[in-house]
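Thanks for coming. I have one structure to go through today, and I will keep to what can be computed from the coordinates. Please have a look at it first.

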Amino acid sequence: MQNNWLSIEKINTSTDTAILKEVEEFLDETEKEKNIAEKILSEIEMEHKRLVSKFLKDNDELQKTS
């Protein structure tokens, strides 16, 4: 009986280790995706600011000529 118990514990530990490794890999991949998303968002925000600035400048010039 003791031998069976140790065998079961070994299987459980092995399974837990495998699950933990999968979770860590998933979290690493999620972190990479988060970093990519943050970079894309930052680029979108910079482009938005640039376009708003251009719009305001063009609008000011249009107001002056009107």
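Start with the fold. The chain has one helix and zero strands. That helix is H1, and it covers residues 2–65. The chain itself has 66 residues, and buried residues make up 0% of them. To count as buried, a residue would need under 20% relative accessible area. The accessible surface of the chain is about 6,500 Å², and carbon and sulfur atoms account for 60% of that surface.

Next, the salt bridges. How many does a search of the whole structure find? The search finds four. I will describe three of them, going along the helix.

One of them joins Lys34 and Glu38, whose closest N and O atoms are 3.8 Å apart. The cut-off for a salt bridge is 4 Å, and this pair falls within it at 3.8 Å. Lys34 and Glu38 are separated by about one helical turn, because they are four residues apart in helix H1. Lys34 counts as partly exposed because its relative accessibility is 42%. Glu38 also has a relative accessibility of 42%, so it counts as partly exposed.

Further along, Glu47 forms a salt bridge with Arg50, and here the closest N and O atoms are 2.7 Å apart. These two residues both lie in helix H1, with a spacing of three residues, about one turn of the helix. Glu47 is partly exposed, at 35% relative accessibility. Arg50 is partly exposed too, with a relative accessible area of 45%.

Then there is the pair of Lys54 and Asp58, whose side chains meet in a salt bridge at 2.8 Å, N to O. Why are Asp58 and Lys54 separated by about one helical turn? Because they are four residues apart in helix H1. Asp58 has a relative accessible area of 35%, which makes it partly exposed. For Lys54 the value is 44%, again partly exposed.

Now the patches. On the surface, Glu24, Asp28, Glu29, Glu31 and Glu33 gather in a patch of negative charge. Take Glu29 as an example from that group. Glu29 is located in helix H1, and with a relative accessible area of 41% it is partly exposed.

The other patch is nonpolar. Which residues form it? They are Ile19, Val23, Phe26 and Leu27, and together they have about 390 Å² of accessible area on the surface. Phe26 sits in helix H1. Is Phe26 buried or exposed? Phe26 counts as exposed, because its relative accessibility is 57% and the cut-off for exposed is over 50%.

To recap: the predicted model has one helix and zero strands, and 0% of its residues are buried. Its surface carries a patch of negative charge that includes Glu29, and a nonpolar patch that includes Phe26.

Key: Residues are numbered from 1 along each chain as its sequence is written. This is a predicted model: local features need pLDDT of at least 70, side-chain atom pairs count only at pLDDT 80 or more; totals for chains, interfaces and linings use all residues. Side-chain values use heavy atoms; hydrogens and water are left out. Patches are made of residues with over 30% relative accessible area and no salt bridge: like charges are joined within 9 Å, nonpolar side chains (Val, Leu, Ile, Met, Phe, Trp, Tyr) within 5 Å. Accessible areas come from the Shrake-Rupley method with a 1.4 Å probe; for residues, only the protein chains shown count as cover. Buried means under 20% relative accessible area, exposed over 50%, partly exposed in between (1.4 Å probe, protein chains only). Lys and Arg count as positive and Asp and Glu as negative; His and the chain ends are not counted. The place of a charge is taken as NZ of Lys, CZ of Arg, CG of Asp or CD of Glu.
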